[in-house]
Structure formats: C-alpha cells, structure tokens
Amino acid sequence: MRGTLVGPLLPLALLVAAPSYAANEEEARIRALEARIERQQEMLEAMQRELEAIRSLPPPAPVPLEDLGPRADAPPVVQARPIPGDDGLSVNVYGFAMADAIYDFKRVDPNWEDTLRVSTIPTRGEPFGEDGNFRTSVRQSRFGVRGSYGDEISFLLEGELYGVGVDAGQTTFRLRHAWGTWKRFGIGQYWSNFMDIDIFPNTIDYWGPTGMVFWRNQQLRYSFPLGEDELSFSLEDPDTAVSIGKFRNFDLCSLPDAPPGCEGGASTAADLFQAHNEVPDVTVRYRNNGDFGHYQLAAIFRELGFEQLDTGANGEEFGWGVNASTSLRALDRDRLKLQLAYGEGIGNYLNDAVQDIAPDSADPVTARAASVSVLALSAYYDHYWSPRWSSSVGWSLLDLDEEAGMADGEFSRGQIAQLNLLHYPRENLMLGTEFIWGQREDVDGATGEDYRVQFSLKVNFDSGDLANRFLPD
C-alpha cells in the first residue's frame, strides 16, 4: 500500500516545491547582478580619482635643447613599441614644422638670406641691393625616421628643406643623416667624430656659431664605452677645400715654362687645380659625462691632396687639429657651452672657413700649397627663466691665418653674437625672437657687418604616442 501511494503523490510534491526553487534562483541572479554593479562602481570611482590626480599635475617643462637628439634643436625621440612579427623592429617618425620671419637691416648673398652666415656678408659696397630686407622661410622644417632592431642594430634617416651647394637658395629636401650602427660600429653620414653637437646653443638662427666645429660627414666609426664615458675613432671623407687664391684667373700659359696644352689657348689655375684625396681623415674623440655636464677632447689628422689636370702633377700637405669643448650645468637647468679649436687645414670642418690649403706666395713661379692655420672660439649661455621661458646669449669667433697667395677678397675673420627670448606655451610648441649681429673681415682688411631680427614658430611632431596608442599589445 505504501508503494502505491508514492507514485501519485510525487507530481504533487514537485508542483509544491517548484515555486520555491524558482524564487531562490531569481534571488541568486539578483545578488550576482548587484555585486557586479558594485564592482563597476568601484572601478569608476578609482578612474575618477586617477583623472583628478592627472589634472592636478603641473604642466610639463620644456626639454633642454641639448638633450633633444642629433642636433640641439631636434624634437625629443620617443621609443615606439616593437611591431609584432618584425624581429623586434621599433620605429619612430619625428621632426618639426618651422617658420621664420626675418628682417635684415643690411643684406647678404640672396642664396643665404634665410640665415646669417658670416662668410656671406659683403665687404665692398652693396652688391646685393640696398639695405633692408624682409624674408619668410620654412626651410628649417625637418623630417626623420629613427629605429632599432633590439639592442644591437639602430638606424637614422633625416632630412630638411634647406638647400645648399647646387641647390643653394632653394626650398628643397636635403639629406642630413643616413646612419646605421651594429653594436659598437657605425657607418654612413652623421655628425663628424671631431665635433661636439651638444655645445650647439639654444638659438633659432639656422647656421649657428661661426667658430663652431660643425660638419656632418660620411664616415666609419668604432666606439668603446667606458662606463658612462666613451672613446671613439673614425675614418671620414677628406674632401679637401682647395683655395686658388690670387691665381683664380691667372693664365698659366703665360709662365716661362708653360704647361703642355697651352697651344690651344689660355688655361687658368681655377680650371686646372682640384682636390685629390687618397687617404681618409682620421679622428679620435674622448667624451667624459658626469653630474657637472660633460667635456670632450678630439683630434683630427689629414692628408690634404691636390692635383693639376693638364700635367698630372700632384702633391699633399699635412693637416691636423684639436677641439676641446664642454657643456657645464649651472643653476639647475642652465648650461654654459664652450669650445676652443685650433689646427692647420681643418677649414671645411668649421662653420664658415672655406680654405684647407692655399698658395703660400703671390709669385706664380714659386707658389706652393700651404695648410691654412685656423683658431675657432665659441661661448654661449642657455638660461631658463621658468619652465616656459628661456634665453640664450653668446659670441663666436673664427680667425684664419693669411697665406701670401690668398686673394684680397677671401674670407679671413668672422664674428657673430646672438641674444634671444623663447617661449614654450605648451608641449611641442615654441615661439621666440632673436637678435643677431655678424661681422666679416677679408684678407686685405676690408670689413662688413650685418644685424637682423628673427621671429620663429616651431611645432614638433613625434609618432611615439601614436604608436603606443594604436599598435596591438
């Protein structure tokens, strides 16, 4: 009898228990939902606290220009994330758009009117027109790509819009750096191992101090790290700057022992003499870094070759130079930047010297090539009034010894002085005004000077932030 009652009563028991079970399940779901909402609320409150903390931070201070990369006015380089699947490749695109407005109270060579290059100041009359000239330019604008494959391989490709050489006076793309490194070895075009880019002052004129060792050169370099210091050696493109001097338009066929080929007409020295380089320039550099800043000692040794095209005659002179430079910390973020360089036949490594070798006599029969001695000085002080304001003031000198065969109108001595006030209203933006004075003196003592005011606005760009935002984890 007991067994027969269980069957009919089981469905009735289930019907009674079903509402209670359903109610318990619904209550559990509600509790889980309430717990999730509570966790999300806690996360929102934490994010709100983080946002308020970020908003309360002071605005970022401008980066000292000497720390900005391969030239002092280059933008900061932010390392992008490695791109997945590319063997650790990390790439950063950077640069800046820059516009200059210049009023020149005098005049310079029109091909160089966007900057005050001392060697382009006229010393005789007004060959470039009446005094006073207004000019705008975007030629300082720059674009670069920098990257690496892990810790052993790096590369740099950088250009700007400032045409020189056959493109002088043009707004056209020009290569600045094409540089690659593997471990301690570097090859390509980069700052010469003989120079110190970190003494370039925080100025806005394009050319920079006339007496600064400043040269981007093609080279092979090997560096030895010495803790925080460095010792490096390089073999660099020689590119001897040959001055024909007084004999530029001299007819060699008028000499008693005229060279072969004169039967066909006159031949000037400018037509027949050229550089002839068989040996690369050799440099050695030691750099010491510390809390005080840094100092650097460099030396260069050169074979200055030349040849005469009609006779095949050739010769060479020995060139050498030393360069001592330093950037010293002062008053927190300020920098005192000094350089002293001296040598013979190192003109093309300096900002304005244009002679490595020149004739040592005004007599065409006895004249021989001689290495031109040069002294170069540069002294600038970069001061930061506040995180948003800075100034730079300084002076530079370049002095060449005159050889007897130099032409009267050749560059012999130059000076430049600068003073500016720069403002950084927000990150990656700079605007400022600079006063510049320059003076040139020729071999025969003729002088000329120029002074100008320049206003510039520069906007940096850097792909580091975009890469970190959009590249996948």
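**Salt bridges and strands**

Mentor: Let's begin with R124 and D442, whose side chains meet in a salt bridge with 2.7 Å from N to O. Keep in mind that this is a predicted model.

Trainee: Where do R124 and D442 lie in the chain?

Mentor: R124 is in the loop between β1 (89-104) and β2 (133-137), while D442 belongs to strand β19 (residues 429-442), so the pair ties together parts that are 318 residues apart in sequence.

Trainee: And is D442 buried or exposed?

Mentor: D442 counts as buried because its relative accessibility is 0%, and the cut-off for buried is under 20%. R124 has 42%, so R124 counts as partly exposed.

Trainee: Which other residue meets D442 in a salt bridge?

Mentor: That would be R440, and the N to O distance there is 2.7 Å. R440 is buried too, with a relative accessible area of 11%.

Trainee: How many salt bridges does the count come to?

Mentor: The count is 20. Another of them links R413 with D399, where the closest N and O atoms are 3.9 Å apart. R413 sits in strand β18 (residues 411-426) and D399 in strand β17 (residues 389-400), and the two are 14 residues apart. Both partners are partly exposed: R413 has a relative accessible area of 28%, and D399 has 26%.

Trainee: Okay, switching to strands. In what sense do β1 and β3 pair?

Mentor: β1 and strand β3 (residues 142-149) are antiparallel, and they pair over eight bridges. As one example, V93 has V145 in β3 as its bridge partner.

Trainee: Which residue in β4 is the bridge partner of F143?

Mentor: G159 is the partner of F143. β3 pairs with strand β4 (residues 153-162) in the antiparallel sense, over eight bridges.

Trainee: What do β3 and β4 form, and how many residues are between them?

Mentor: They form a hairpin with three residues between them, and G150 in the turn has a positive phi of about 65°.

Trainee: Which residues have a positive phi although they are not a glycine?

Mentor: K183 is one of them, with a phi of about 55°. You'll find K183 in the loop between β5 (171-182) and β6, and its relative accessible area of 51% makes it exposed. N428 also has a positive phi, about 70°, without being a glycine. N428 is placed in the loop between β18 and β19 and counts as partly exposed at 35% relative accessibility.

Trainee: New topic: the inside. Which residues touch the most other members of the largest nonpolar core?

Mentor: That core has 36 residues, and F194, M195, F214, L350, L398 and L400 touch the most other members. The elements giving two or more residues to this core are β6, β11 (293-308), β16, β17 and β18. β16 gives the most, with three residues.

Trainee: What does L400 touch?

Mentor: Leaving out residues up to four places away in sequence, L400 touches A353, Q355, V372, S373, V374, F411 and S412.

Trainee: Which residues does the second core include?

Mentor: This separate core has seven residues, among them F96, I204, Y384 and M430.

Trainee: Which element gives the most to the nonpolar patch?

Mentor: β7 does, with four residues.

Trainee: And where is F318 found?

Mentor: F318 is in strand β12 (residues 314-330).

Definitions and conventions. Residues numbered from 1 in each chain as written. Predicted model: local features only at pLDDT ≥ 70, side-chain atom pairs only at ≥ 80, totals over all residues. Heavy atoms only, no water. Salt bridge = Lys/Arg side-chain N within 4 Å of Asp/Glu carboxyl O. Buried < 20%, exposed > 50% of the residue type's maximum accessible area, 1.4 Å probe, protein only. Pairing = 2+ DSSP bridges. Core = buried A, V, L, I, M, F, W, Y, C linked by side-chain atoms within 4.5 Å. Contact = heavy atoms within 4.5 Å.
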